[in-house]
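Subject: Structure handover

Hello,

Here is the structure we talked about. Please load it first, then read the notes below.

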Amino acid sequence: MKTEFNIAVFPGDGIGPEVVVEAIKILKIIESKLGLKIMLNEAPVGGAGYEATGHPLPDASLDIAKKSDGVLLGAVGGPKWETIDFSLRPERALLGLRSNLGLYANLRPARIFPALLDASTLKREVVEGLDLLVVRELTGGIYFGEPRGVVTNDKGERYGFNTLVYSESEIERISKVAFDVARKRNGKVCSVDKANVLEATGFWRDIVTGLHSQYSDIELSHMYVDNCAMQLVRNPKQFDVILTTNMFGDILSDEASMLTGSIGMLPSASLGEKYAMYEPIHGSAPDIAGKELANPLATILSVGMLFKYSLEKEEPNIWIEEAVEKVLGQGVRTADIMSDGMKQVGTKEMGDLVAAELEKIN
Ligand code: NAD
């Protein structure tokens, strides 16, 4: 069995480096518990990549990612780079990593920790027991479609445009991921589209329906994205696996994060045929960077997914979730999930407490 691994570590910008440091603490404890040897290869991406090399995704960083068994990413972006050319903005590093590594399947679990039931902005009875998974297509759709741009027409008026395009094979491979993962969960897939308005997503619906004939054990439903946005806050427990396009998945998973208490709680895995990347779903949160206010739990939970999907080790994910639940159960909270009667801690202290609980698990 393989015991030596290479992990690419891209802390990025803003709170990225702060949360990644805490996640690495957790990774190292598991490394020693399982007797593994994990080489961590750190490199700049995003604004940090731009500052170091003039490009948000330096070739050397991409190279490190391609030689890794998995990538751990913090977050990229910040006001400092908001005025530079689009092609050089930090966020281009994300799109570059996703497309260069072929990371077409983004898995975003939204599960509520019992200790956080009262941290959600929704009523306890609406979210208690919530456990859904958003399967978002990640390398196609309107975020990648060509043509795109801002141009001036012959009447001198400027206009902006993007293209929503999906091929049959792109829809089939992401649908397969959703159906396969639903088999290991509660056997339900809800495909979300806007088939009543957008031809490309009507096509999406047809292809998903066609593939479903190979998955007769899975219950398939379809929902328009506007209805899904509403249902997520009305009755989120109706969902098991939500299968959707790149842009709809981006928006719906941020919405789903709030069901669990905070965007600082949601991990993600981006998977392709050959490579994989793990990151919290949140951004670089420049408003709280450097203030010890960032919740590191989403990144810590992403490490659990890394062990599960890339290193093929199931237990660490369970251990990490257990350690997080224990710490939250002790009434410890970062600012974003703080409520009356709880003890507020900073980013580092939260990481230390989870690490201490993890050490105790045999
Ligand atoms: P954001 O996710 O960074 O922040 C949204 C809000 O959530 C902010 O109020 C922030 O303080 C809070 N928040 C986020 N993560 C938190 C955490 N771990 N703990 C506590 N609070 C947290 O989104 P934004 O403000 O729209 O974007 C900021 C920058 O991040 C932009 O440059 C954007 O492009 C970039 N971004 C990057 C990624 C990524 O790297 N994957 C994703 C989204 C946005």
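Let me start with a loop. Glu-312 lies in the loop between α10 and α11. Its phi is near 50°, a positive value in a residue other than glycine. Helices here are DSSP runs of H or I with at least four residues, strands are runs of E with at least two, and both are numbered from the N terminus.

Some ground rules. This is a predicted model, where local features need pLDDT of at least 70 and side-chain atom pairs count only at pLDDT 80 or more, while totals for chains, interfaces and linings use all residues. Residues are numbered from 1 along each chain as its sequence is written, and side-chain values use heavy atoms, with hydrogens and water left out.

Other backbone points

Ala-285 also has a positive phi, near 40°, and is not a glycine. Ala-285 sits in the loop between β12 and α10. A cis peptide bond joins Glu-146 and Pro-147, with omega at about 0°. Pro-147 belongs to the loop between β5 and β6 (149–152).

The sheet

There is an open sheet of 10 strands with mixed pairing. Its order is β2-β1-β3-β12-β11-β4-β5-β10-β8-β9. Two strands count as paired if DSSP finds at least two bridges between them. β2 (37–42) and β9 (219–224) stand at the edges with a single partner strand each, so one side of each has no neighbour in the sheet. On average, neighbouring strands of this sheet are turned by 25° against each other, direction ignored. Axes are lines fitted to C-alpha atoms, for helices over the stretch in contact; angles run from 0 to 180 degrees between N-to-C directions.

Val-9 has Leu-72 in β3 as its bridge partner.

- Contact means heavy atoms within 4.5 Å.
- α10 (residues 297–309) lies across β1, β2, β3, β4 (105–111), β11 (267–271) and β12 (276–280). α10 runs at about 35° to β11.

The hairpin

β6 and β7 (residues 158–161) pair in the antiparallel sense over four bridges. Val-151 stands opposite Tyr-159 in β7. Val-150 stands opposite Gly-160 in β7. Five residues lie between the strands of this hairpin, and Gly-156 takes a positive phi near 85°.

The domains

Domain 1 covers 1–104 + 272–362, and domain 2 covers 112–261. These bounds come from an automatic or database domain assignment. The C-alpha centres of the two domains lie 24 Å apart. The contact takes 17 residues from domain 1 and 19 residues from domain 2.

How much area do domain 1 and domain 2 bury between them? About 1500 Å², with 68% of it on carbon and sulfur atoms. Buried area is the accessible area (1.4 Å probe) that two parts lose on being put together, summed over both.

The interface has three residue pairs in polar contact, both residues at pLDDT 80 or more. A polar contact is a pair of N or O atoms within 3.5 Å; within protein, one must be able to donate a hydrogen and the other to accept it, and residues adjacent in sequence count only if both atoms are side-chain atoms. A salt bridge needs a side-chain nitrogen of Lys or Arg within 4 Å of a carboxyl oxygen of Asp or Glu.

On the side of domain 1 that touches domain 2, α4 (91–100) and α11 (315–329) each supply at least two residues. The largest share of that side, five residues, comes from α11.

Salt bridges overall

A search of the whole structure finds 19 salt bridges. One joins the side chains of Lys-25 and Asp-352, at 2.6 Å, N to O. Lys-25 is in α1 (residues 16–34) and Asp-352 is in α12 (residues 347–360), so to speak distant parts of the chain, 327 residues apart.

Best wishes
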